[in-house]
Amino acid sequence: IKTVITDVPVPVAYGPAFEGERVRGENIYLECGGGRTAMLEWVTSRPGEDIVDGKVSVIGPEITDTPPGSKLPLGIVVEVSGRQMQEDYEPILERQVHHLINYAQGVMHIGQRDMAWLRVSKDAVAKGFRLEHIGLLLHAKLHQDFGRIFEKLQVKLFTWETDVAELLHQAKAAYAARDARIEGMTDETTDIFYSCLLCQSFAPSHVCVISPERTGLCGSYNWMDCKASFEINPTGPNQPVTKGATIDARLGQWQGVNDFVFKASRGNIDHYNFYSIISDPMTACGCMECISAVVPLCNGVMTVNREHSGMTPSGMKFTTLAGTIGGGVTTPGFVGHSKYNMTQRKFLSAEGGLKRLVWMPKALKEEIADRFNERAAEIGIPDLLNRIADETVGVTEEDILEYLTENNHPALTLEPLI
Ligand code: SF4
Ligand code: ZN
């Protein structure tokens, strides 16, 4: 069934029917983000007097200022105000940007936050689609779906490199502050987890269940965000899930979660584990920030993030791995997760946690270093990060094993992984 929504001010067809559509190769008119340029999405609250409802500004080159096949940096900043508006609601509005942009025919959107990726097709541009329409559709749809929580909304689209770089700085601080709100909570101290079904439109059997210590695999929803989302929209995609009886505390499996997953996956998945990569790990859709995979020869696990395009010791690049584990199935030996989750205490805890981590890209190491080093100190191996191999050491199991041995990596003395 093709549902086309008509009351959105864009010159192309618009509706959920176009969500899974790809824009490729010769048909790309404009590309932003996806590791090619900087791109970010950020919803932030502002005082009411600073906002003109419905105003959309493109600050920098518009699509019409660039030739077909161009790349531009892009910062999408949505500013909202209203008496009901709370800071806690910002991430909920922000996560809508992904599917709302995807609903436009000929426009492809992947990712979130500073990991977003946009392609606009030549067909869409020929029909008159401009960056401005991203602002117009966000204004229309967010008002329609979330008008209860804000009064005014305006959108700024930045395409100058220096502006986007400056915004990146501000937005990253905001993302980090959101992530930190979950710090100190544990899975044991709450009886309620939350579901996220936002990705079922393209991975119909995929159900994210989000606990305090397992942030959503896309990195944009943590437990606190889901709680806020449920407050805003009690019949929406984030429902409370009562943990129920503990089936396995070490693996992270609960009866109430299983029951929920069974129903929400329409009988496709009847259980999964929160803390294991070996035993029936959680399912994945397509938006995971990172993928971990078992590296048998090293008795450990490697992790690769979406931005890393090179080969990995699993013998696959990120895109191949994503194709292998995406689509809402459980794939023992592989698991999708967020970057933040790597430094949450339950990460791979069924298999020994961070001590299992034998390889990750250098840039990812740098990105998560501060929090990683705190966790490493807690487990008594403060220099663990340096003992983990990266692409400068090697990208095959054999190559990194030598490094791990030389550096006395803890995975080599853990019990056999498989
Ligand atoms: Fe929700 Fe999971 Fe999709 Fe993120 S990946 S939007 S948490 S279903
Ligand atoms: Zn997803």
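Are Cys199 and Cys285 buried or exposed? Both Cys199 and Cys285 are buried (under 20% relative accessible area, with exposed meaning over 50% and partly exposed in between, for a 1.4 Å probe and protein chains only).

## Basis of the model

This is a predicted model, in which local features need pLDDT of at least 70 and side-chain atom pairs count only at pLDDT 80 or more, while totals for chains, interfaces and linings use all residues. Residues are numbered from 1 along each chain as its sequence is written, and side-chain values use heavy atoms, with hydrogens and water left out.

## Zinc site

The zinc ion (ligand 2) is coordinated by the SG atoms of Cys199, Cys285 and Cys287, at 1.9 to 2.2 Å; donors are N, O and S atoms within 2.8 Å of the metal (3.2 Å for Na, K and Ca), and because water is not among the atoms, sites may look incomplete. Along the chain, these donors follow the spacing C-x85-C-x1-C. Cys199, in the loop between strand E9 (192-196) and strand E10 (208-210), and Cys285, in the loop between helix H6 (255-264) and strand E14 (290-295), lie 86 residues apart, so that the pair links distant parts of the chain (helices, H or I, of at least four residues and strands, E, of at least two are DSSP runs, numbered from the N terminus).

## Aromatic contacts

A search of the whole structure finds nine aromatic pairs, for which ring centres of Phe, Tyr and Trp (its six-membered ring) must lie within 6.5 Å, with planes under 30 degrees apart counted as stacked, over 60 as edge-to-face and the rest as tilted. Tyr194 in strand E9 and Trp223 in helix H5 (residues 223-232) are 29 residues apart, and their rings form an edge-to-face pair, 5.6 Å centre to centre with 65 degrees between the planes.

Tyr194 also pairs with Phe230, where the centres are 6.5 Å apart and the planes at 45 degrees, so this pair is tilted. Tyr194 is buried at a relative accessible area of 7%, whereas Phe230, at 25%, counts as partly exposed.

Key
Chains are lettered from A and ligands numbered from 1 in the order in which they are written.
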